[in-house]
Amino acid sequence: TDWGGQLGACSTLRTAEAAARHARVYAYELTEDSGEVYGGFPLGAYHGWELPFLWEVRIPGAGYPELDEAQEALADRMADYWTAFASTGDPNHDGAPRWARFRPGTGSGDGDGTVLGLAAGDGGIAPVPFAADHRCDLWSGIATGTATDEPAATAATPSPATEPAVR
């Protein structure tokens, strides 16, 4: 999730907050589990796992699994979002779940660091409580010396995802 508050999920959220003070930002988290396991530990939605959803990736040794039918549908939806954003500056388009603009200092959604989650299947594209899932309150507290071992009241079950991308 985070490594000392300087690299990982929560620092990416801070980057989105800073950028959103100056431009429209749409933040997402790929929440589609890769199914990959390394050393007995599930990798979840690891850094770079979104690549085969956006391009044909032929990297020797990368080990990207073939996308199944539901993942191919997610890839199509992601391409539609990216295309709309590239042509209009807004990823929203007809027939797609709404992607709320990220707001500085509040997250999108209810002011809790929510971003758009992207996963295959029905209901897989929906807001996710990114800051709570990744315990950004804890990491911020460690950085400032105010950390507690109590999760935030809004904390949800951690997702298998990595960091949100800022587009």
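A word of caution before the details: the model is predicted.

I will start with helix H3, which covers residues 69-88. H3 has 20 residues, and from its first C-alpha to its last it reaches 29 Å. That is close to the 28 Å expected at 1.5 Å a residue.

Now the two ends. After the helix comes Gly-89, which has a positive phi, near 85°.

Which residues of H3 are buried? They are Gln-71, Leu-74, Ala-75, Met-78, Tyr-81, Trp-82 and Ala-84. The cover over these buried residues includes strand E3 (27-30), helix H2 (51-54), strand E6 (115-118) and strand E7 (125-128).

Let me stop at Gln-71. Its relative accessible area is 7%, and because buried means under 20%, Gln-71 counts as buried. What does its side chain make a polar contact with? The partner is the side chain of Glu-32, at 3.0 Å. If we leave aside neighbours within four places in sequence, the residues in contact with Gln-71 are Glu-32, Asp-33, Trp-49, Phe-53, Glu-66 and Ala-120.

Next, the strands. E3 and E6 pair in the parallel sense, over three bridges. On E6, Leu-118 stands opposite Leu-30. E6 also joins E7, this time antiparallel, through four bridges. Two of the bridge partners in E7 are Pro-127, for Leu-116, and Val-128, for Val-115. The hairpin of E6 and E7 has six residues between the strands, and in this hairpin Gly-121 takes a positive phi near 95°.

Another glycine, Gly-44, sits in the loop between strand E5 (41-42) and H2. Is Gly-44 buried or exposed? It is buried, with a relative accessible area of 4%. Gly-44 and Leu-30 are 14 residues apart in sequence, and their C-alpha atoms are 9.7 Å apart in space.

That leaves the aromatic residues. The structure holds eight aromatic pairs. In one of them, the ring centres of Tyr-28 and Trp-82 are 5.2 Å apart and the planes are at 65°, so this pair is edge-to-face. Tyr-28 belongs to strand E3 and Trp-82 to helix H3, so the pair ties together parts that are 54 residues apart in sequence. Tyr-28 counts as buried, at 2% relative accessibility.

A further aromatic pair is formed by Tyr-46 and Trp-49. Here the centres are 5.9 Å apart with 35° between the planes, and the pair is tilted. How buried are the two partners? Tyr-46 counts as buried at 17% relative accessibility, and Trp-49 is buried with a relative accessible area of 0%. Trp-49 has already come up, as one of the residues in contact with Gln-71.

Finally, ring pairs link several residues into a cluster: Tyr-26, Tyr-28, Tyr-81, Trp-82, Phe-85 and Trp-99. Tyr-81 and Trp-82 were on the list of buried residues of H3 as well.

To sum up, the buried residues of H3 have E3, H2, E6 and E7 among the elements that cover them, and the pair of Tyr-28 and Trp-82 ties E3 to H3.

Technical notes. Residues numbered from 1 in each chain as written. Predicted model: local features only at pLDDT ≥ 70, side-chain atom pairs only at ≥ 80, totals over all residues. Heavy atoms only, no water. Buried < 20%, exposed > 50% of the residue type's maximum accessible area, 1.4 Å probe, protein only. Polar contact = N/O pair within 3.5 Å; in protein donor to acceptor, adjacent residues only side chain to side chain. Contact = heavy atoms within 4.5 Å. Expected span 1.5 Å × (residues − 1). Pairing = 2+ DSSP bridges. Phe/Tyr/Trp six-rings, centres within 6.5 Å; stacked < 30°, edge-to-face > 60°.
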